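Please walk me through the structure shown here, one feature at a time.

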Amino acid sequence: MFQKLLLLIMFSAFTFTTLSAQDEFFEPKSTIGGYGELHYNWSKDDGADDAKKTLDFHRFVLFYSHSWTEKWSFKSEIELEHNFVKDGEGELELEQAYINYHHSDAFGFQVGVILPSVGFINEYHEPPLFLSVERPEYSKNIIPTTWFGNGAAVYGRFSDFSYKATVMEGLNGAKILADGKIRSGRQKGYKSNAQELLYNARVDYTGIEGLWLGSSFSYNDAFVGVDSTISTTLFEVHAKYDANNVIAVFEYGNIAYDGEDVGFMVESAMGYYFDLGYNIAPIFDLDGKLIPWVRYTDYNTAASVIGGGDAEQKAHYTKWMLGLSVKPIDQVVFKIDYGVKTNELKNGTKDFETALFNFGAGYMF
């Protein structure tokens, strides 16, 4: 089925190309972009004598793209995490590498290493685009950001609505079974098992200035072994308002699993977070943006477990945060935040708390 879809896409693209005139003045060109972020993290568990402190250049990312014509281009993203790769420490990843055909605003397609369209952060994760030093924990534990893999997608826009539909490598059900979390199931494009493909579709609305509303649905029978899968369905909604100096973000996601036949007892995971910030720079007649903000997060990677027990409480976290984001220009940001994360049950203790303090500097170009 996947091969048939690719052939259909390629045939459609060829047809569109032959019917479309190329701008004779177009000059092929290459462009480079990227982003990076340095983090200082301090954390202390309730009752602990000492705090844990780290200083980490968390991500260094380069984008490279080349446009052969107005419609045909190549786009890529290479990421180095934690400044070092050796013996399982650090990561070097090819998160995007695809041929892009942009026929018109209404239709285009991508083939290669691509990102499924799920929530805000998976596709748009440059540090100046979110408020906290670290990415929202929701975007790691419910949306397995950064989620990338081998596949193909079609996309386009009609008036105030945009869409994207993706078919790509599925999840590794054996790793989900072992770890209990969707994040562990990412294949990251490495010799991907294509026994069961993942289907993802997203629709967004941006018809009101500053407002971005959307939702996505993803489905995969995560491959465990011959005739053994974990049915995985991820549904999420996302909303953002960024205008009149107000920044408000809300995301909610729910994962439904069906894997009892292979011994996977988690039935669902869920989570959400809410950000509210306000740019006070105009009040003090300052250039750039000065944004104090607050966040509340609630997520549970085992919200419902067959047989119950205390697994649901152990996987349940809440977190409140407050912080300040300073952007002298839109491409550079300095951030500071403080918060308390509560685990409903950890090491036999109810409502186990960890205090967190972070400082970060980030850029994109």
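**Reading the model**

Q: How much of the chain is buried?
A: Buried means under 20% relative accessible area, exposed means over 50%, and partly exposed lies in between, with a 1.4 Å probe and protein chains only. In this predicted model, buried residues make up 44% of the 365 residues in the chain.

Q: What should I know about the numbering and the limits of the model?
A: Residues are numbered from 1 along each chain as its sequence is written, and side-chain values use heavy atoms, with hydrogens and water left out. As the model is predicted, local features need pLDDT of at least 70 and side-chain atom pairs count only at pLDDT 80 or more, while totals for chains, interfaces and linings use all residues.

Q: How many helices and strands are there?
A: Helices (H or I, at least four residues) and strands (E, at least two) are DSSP runs, numbered from the N terminus. The chain has four helices and 16 strands.

Q: What does the radius of gyration say about the chain?
A: The radius is taken over C-alpha atoms, and the globule rule is 2.2 Å times the number of residues to the power 0.38. For 365 residues a compact globule would have a radius near 21 Å; the chain has 22 Å, which agrees. Along the principal axes, the C-alpha atoms fill a box of roughly 70 × 65 × 45 Å.

Q: What share of the contacts joins residues 24 or more positions apart?
A: A contact means heavy atoms within 4.5 Å. Of the contacts in the chain with a separation of 6 or more, 58% are between residues 24 or more positions apart.

Q: Which contacts does Val-85 make?
A: Val-85 sits in strand 3 (residues 72–86). Leaving aside neighbours within four places in sequence, Val-85 is in contact with Leu-80, Gly-90, Glu-91 and Leu-92. Val-85 counts as partly exposed because its relative accessibility is 47%.

Q: How many aromatic pairs does the structure hold?
A: Rings of Phe, Tyr and Trp (its six-membered ring) pair if their centres lie within 6.5 Å; planes under 30 degrees apart count as stacked, over 60 as edge-to-face and the rest as tilted. The structure holds 16 aromatic pairs. One of them is edge-to-face: Tyr-124 and Trp-212, 5.8 Å centre to centre with 70° between the planes. This pair links distant parts of the chain, 88 residues apart, with Tyr-124 in the loop between strand 5 (107–114) and helix 2 (138–141) and Trp-212 in strand 9 (residues 211–225). Tyr-124 is partly exposed at 42% relative accessible area, and Trp-212 is partly exposed at 25%.

Q: Why is the pair of Tyr-363 and Phe-365 stacked?
A: Their ring centres are 6.3 Å apart and their planes are at 20°, so the pair is stacked. Tyr-363 is partly exposed at 25%, whereas Phe-365 counts as exposed at 56%.

Q: Where does the backbone have a cis peptide bond?
A: The angle to read is omega, and it is about -5° for the cis bond that joins Thr-145 and Thr-146. Thr-146 lies in the loop between helix 2 and strand 6 (149–158).

Q: What is phi of Asn-245 and of Asp-351?
A: Phi of Asn-245 is near 70°, a positive value in a residue other than glycine. Asn-245 lies in the loop between strand 10 (228–243) and strand 11 (246–258). Phi of Asp-351 is near 50°, also positive, and Asp-351 is in strand 16 (residues 349–364).
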